[in-house]
Amino acid sequence: MDFLMYPIIFVGLVILFSSFFIVKQQTAVVIERFGRFQSIRNSGLQMKIPIVDRKSGRLSLKIQQLDVIVETKTKDDVFVKLKVSVQYVVIRDKVYEAFYKLEYPHDQITSYVFDVVRAEVPKMKLDDVFVKKDDIAIAVKRELQEAMLDYGYDIIKTLVTDIDPDAQVKAAMNRINASEREKIAAQFEGDAQRILIVEKAKAEAESKRLQGQGIADQRREIARGLEESVEVLNRVGINSQEASALIVVTQHYDTLQAVGEETNSNLILLPNSPQAGSNMLNDMVASFVASNQIGEAMKKQQDKKDDDSK
């Protein structure tokens with residue numbers, strides 16, 4: 001009799017322990033009784049009638065993410081792959097709808113993402129797809145939100161996380177970008193060269209101006225020195241013509257001396273005899289006297305014309 005009690009006790013314990021079960025946090029368990037929905041159990045220690053009730057399924061109440069890759073064509077006939085990340089969650093008050101109305105939620109969400117993306121992207125050019133990716137994400141969320149609420153799912157956020165054009169298109173875009181940057185670099189180099197030329201021209205002009213000013217100052221000082229020299233010679237009884245001729249001859253010999261100091265000079269002055277200096281002095285004195293006489297004659301003639309006109 002005792003041996004028969006052990007199996008009965010064991011079976012009773014098994015049935016007793018199977019009546020209790022634990023539901024984890026952020027999880028919902030669907031209980032069915034003879035195949036019919038009975039209740040939804042949330043986190044904690046729960047109890048069910050053995051054999052009569054059974055756990056039909058579990059649903060996570062955490063936010064989940066589904067990544068969908070869609071290949072489509074843009075308005076400018078470029079094939080592109082978009083990766084759309086959909087974050088969704090089971091609504092706590094609609095666990096029944098989420099469990100019984102929709103068998104494969106991932107497939108349902110994927111279908112809606114394909115439908116929206118292939119409706120929106122063909123309206124845009126490739127560049128606009130990159131710029132307006134947030135608009136695509138908003139359109140996907142709006143469409144999913146309306147459709148999935150009836151099935152007990154809430155769409156938290158949708159993101160376009162990757163846009164991948166065809167490899168040849170990316171290579172062409174990189175070449176265009178590189179060409180554009182080279183063009184800009186060439187423009188900057190041209191501007192720099194133009195500025196350099198302008199500044200160089202300004203510097204040369206300033207150098208010429210200063211050089212001319214220096215030459216003018218030099219000649220002014222030479223003239224002042226000559227004037228002082230003539231005044232000194234006049235004090236010792238030498239007239240202006242003779243003084244000027246003497247100064248010119250002196251400069252002539254100074255020039256010969258400077259030329260002679262250059263050992264590699266090939267300059268030859270003709271004539272260059274000792275009496276050539278005397279002849280040049282006499283010629284210059286005579287020319288100065290003649291020019292003075294001509295000047296005085298022209299002045300007298302002009303005065304005579306002025307008197308006759310009166």
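Me: Two strands pair if DSSP finds at least two bridges between them. In which order do the strands of the open sheet with S2 stand?

Reply: This is a predicted model: local features need pLDDT of at least 70, side-chain atom pairs count only at pLDDT 80 or more, and totals for chains, interfaces and linings use all residues. Residues are numbered from 1 along each chain as its sequence is written, and side-chain values use heavy atoms, without hydrogens and water. Strands (E, at least two residues) and helices (H or I, at least four) are DSSP runs numbered from the N terminus. The sheet has three strands in antiparallel pairing, and their order is S3-S2-S5.

Me: Which strands of this sheet are left without a neighbour on one side?

Reply: An edge strand has a single partner strand, so one of its sides has no neighbour in the sheet. The strands placed this way are S3 (36–41) and S5 (53–60).

Me: Which residue in S3 is the bridge partner of valine 30?

Reply: S2 (residues 27–33) pairs with S3 over five bridges, in the antiparallel sense. For valine 30, the partner in S3 is isoleucine 40.

Me: Over how many bridges do S6 and S7 pair?

Reply: S6, S7 and S8 form an open antiparallel sheet, in that order. S6 (64–73) and S8 (153–165) are its edge strands. Leucine 66 faces valine 86 in S7. S6 and S7 (residues 79–90) run antiparallel, and their bridges number 10.

Me: Which helix packs on this sheet and touches S6, S7 and S8?

Reply: Contact means heavy atoms within 4.5 Å. The helix spans residues 105–120, and its direction makes about 35 degrees with that of S6; angles run from 0 to 180 degrees between N-to-C directions of axes fitted to C-alpha atoms, for helices over the stretch in contact. It is helix H3.
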